[in-house]
Amino acid sequence: MSHLLLHGAISLRQDPVMSFFATAEHEKERLQYFASPEGRDDLYQYNQKERRTVLEVLEDFPSVQMPFEWLVELVPPMKNRAFSISSSPLAHPNQVHLTVDVVSWTTPFKRKRRGLCSTGLAGLDPEQKIYIPVWFHKGLLPSPPPLLPLILIGPGTGCAPFRGFVEERAIQSLSGPIAPIILFFGCQNEENDFLYRDFWLFHSQNDGVLSEAKGGGFYAAFSRDQPQKVYVQHKMQEQSQRIWNLLCEGAAIYVAGSSTKMPSDVMLAFEEIISKESGAPRESAARWLRSLEKAGKYHVEAWS
Ligand SMILES: Cc1cc2nc3c(=O)[nH]c(=O)nc-3n(C[C@H](O)[C@H](O)[C@H](O)COP(=O)(O)OP(=O)(O)OC[C@H]3O[C@@H](n4cnc5c(N)ncnc54)[C@H](O)[C@@H]3O)c2cc1C
């Protein structure tokens, strides 16, 4: 609790509460300046832009002797973090697996920052039992029935929900017919961040649910392993005909991962593929995709 409090972002509002507790004159003045209309921009740079933590602010203003109850007032309520479930309840009853990327970035003042929750989770000791409150919400990716052909696009941690889909279908294949899955994964380097490599490769071989023998496929784009960038949408173009064939068989499309540019690039790639393979103009392809969305067969779950 105290760790999360001290490493959480602080919200130094435009009120002078902290300056009351500063005993060093220069610190008091600085804090009063931050609370003044003239100090507004500097406060924004210092606090919000740099995402300073409670601990960092207390280190910058060591004379501040603030009672704990007052300090808590400066810490905004911690928001919940959502994670896709990356396991199938059929394959792992009573378990929920997560695939968590440790978020990190550099601030305008070149300070290295790490995400609070992802860093906290990555630092847990797997041997140690701990209790974490969790809430389950229905996401935007409904669980597909076994006979629905699937085209899955999941670069980075976007592959998380699809690991669950593949596990589920592998179990379903033991007791009945299943429809094919083709999956497009992407990451920067094959060597460093090829998530679940062995899992995908296992299911791509020996009549696995992603194997070509079963009408499936697994395609990985390693964006930085060659001079020109290669992303999932390039791999999709290479499989243009397979994608079109599956769409003609009634496949549903699922897209998950970064919300930055990926979902719109993927949508454009589908548009190009449909137009090329069907001979229809781009506008008709775009209309066709919109009708797929309306019919509940184009699902996107993206986050920043
Ligand atoms: C529906 C859904 C599903 C998700 N599924 C997954 C999943 O399966 N796996 C997964 O790893 N994550 C997933 N996420 C993202 C996850 O919820 C968290 O946002 C992520 O783990 C970061 O949380 P954190 O506490 O580590 O970072 P925080 O401490 O919350 O820091 C992240 C914040 O830092 C800031 N920030 C981050 N990068 C930069 C930058 N470059 N420049 C400036 N500011 C920046 C932004 O304000 C950002 O909101 C999902 C999100 C949603 C909404």
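UniProt positions are given here in the numbering used for this chain, and UniProt annotations may be inferred rather than shown by experiment. Keep that in mind as we walk through this predicted model.

## The annotated domain

An unreviewed UniProt entry carries the annotation "domain: Oxidoreductase FAD/NAD(P)-binding", and the record places it at residues 152-262. In the model, that span is 38% helix and 20% strand.

## A buried tryptophan

Which helix holds Trp 200? Look for helix H10, which covers residues 197-204. Trp 200 has a relative accessible area of 0%, so it counts as buried, the cut-off being under 20%.

What does Trp 200 touch, leaving aside residues up to four places away in sequence? Its contacts are Cys 159, Phe 162, Arg 163, Val 166, Leu 183, Phe 194, Leu 195, Leu 210 and Phe 218. Leu 183 is 17 residues from Trp 200 along the chain, and the C-alpha atoms of the two are separated by 9.2 Å.

## The cysteines

One of the contacts of Trp 200 is Cys 159, and Cys 159 is itself buried at 0% relative accessibility. How many disulfides does the model have? The count is zero. As a reminder, a disulfide is a covalent bond that joins the sulfur atoms of two cysteines.

Cys 159 is in no disulfide either, and the nearest cysteine sulfur to its own, that of Cys 187, is 9.0 Å away. Cys 117 is partly exposed, with a relative accessible area of 25%.

## Salt bridges

Side chains of opposite charge can pair when their charged atoms come close. The structure holds 11 salt bridges, and the table shows some of them.

| Glu 238 | Lys 235 | 3.5 Å |

Glu 238 is exposed, at 54% relative accessibility.

The pair of Glu 272 and Arg 282 links distant parts of the chain. Glu 272 is in helix H13 (residues 262-278), Arg 282 is in helix H14 (residues 282-294), and the two are 10 residues apart. Both partners are partly exposed: Glu 272 has a relative accessibility of 35%, and Arg 282 has a relative accessible area of 30%.

Gln 233 is buried, with a relative accessible area of 14%. Leaving aside residues up to four places away in sequence, Gln 233 touches Asp 265 and Ala 269.

Which residues make the nonpolar surface patch of about 790 Å²? They are Phe 83, Ile 85, Val 96, Leu 98, Leu 124, Ile 130, Ile 132, Val 134 and Phe 136. Take Leu 98 as an example: it sits in the loop between helix H6 (68-73) and strand E1 (104-106). Leu 98 is partly exposed, with a relative accessible area of 41%.

Most residues other than glycine have a negative phi. Asn 206 is not a glycine, yet its phi is positive, near 45°. Asp 207 also has a positive phi, of about 60°, although it is not a glycine.

Where are these residues? Asn 206 is in the loop between H10 and strand E5 (217-222), and Asp 207 is in the loop between H10 and E5. Asn 206 is exposed at 70% relative accessibility, while Asp 207 is partly exposed, with a relative accessible area of 48%.

How values were computed. Residues are numbered from 1 along each chain as its sequence is written. This is a predicted model: local features need pLDDT of at least 70, side-chain atom pairs count only at pLDDT 80 or more; totals for chains, interfaces and linings use all residues. Side-chain values use heavy atoms; hydrogens and water are left out. Patches are made of residues with over 30% relative accessible area and no salt bridge: like charges are joined within 9 Å, nonpolar side chains (Val, Leu, Ile, Met, Phe, Trp, Tyr) within 5 Å. Accessible areas come from the Shrake-Rupley method with a 1.4 Å probe; for residues, only the protein chains shown count as cover. A salt bridge is a side-chain nitrogen of Lys or Arg within 4 Å of a carboxyl oxygen of Asp or Glu. Helices (H or I, at least four residues) and strands (E, at least two) are DSSP runs, numbered from the N terminus. Buried means under 20% relative accessible area, exposed over 50%, partly exposed in between (1.4 Å probe, protein chains only). Contact means heavy atoms within 4.5 Å. A disulfide is a pair of cysteine sulfur atoms within 2.5 Å.
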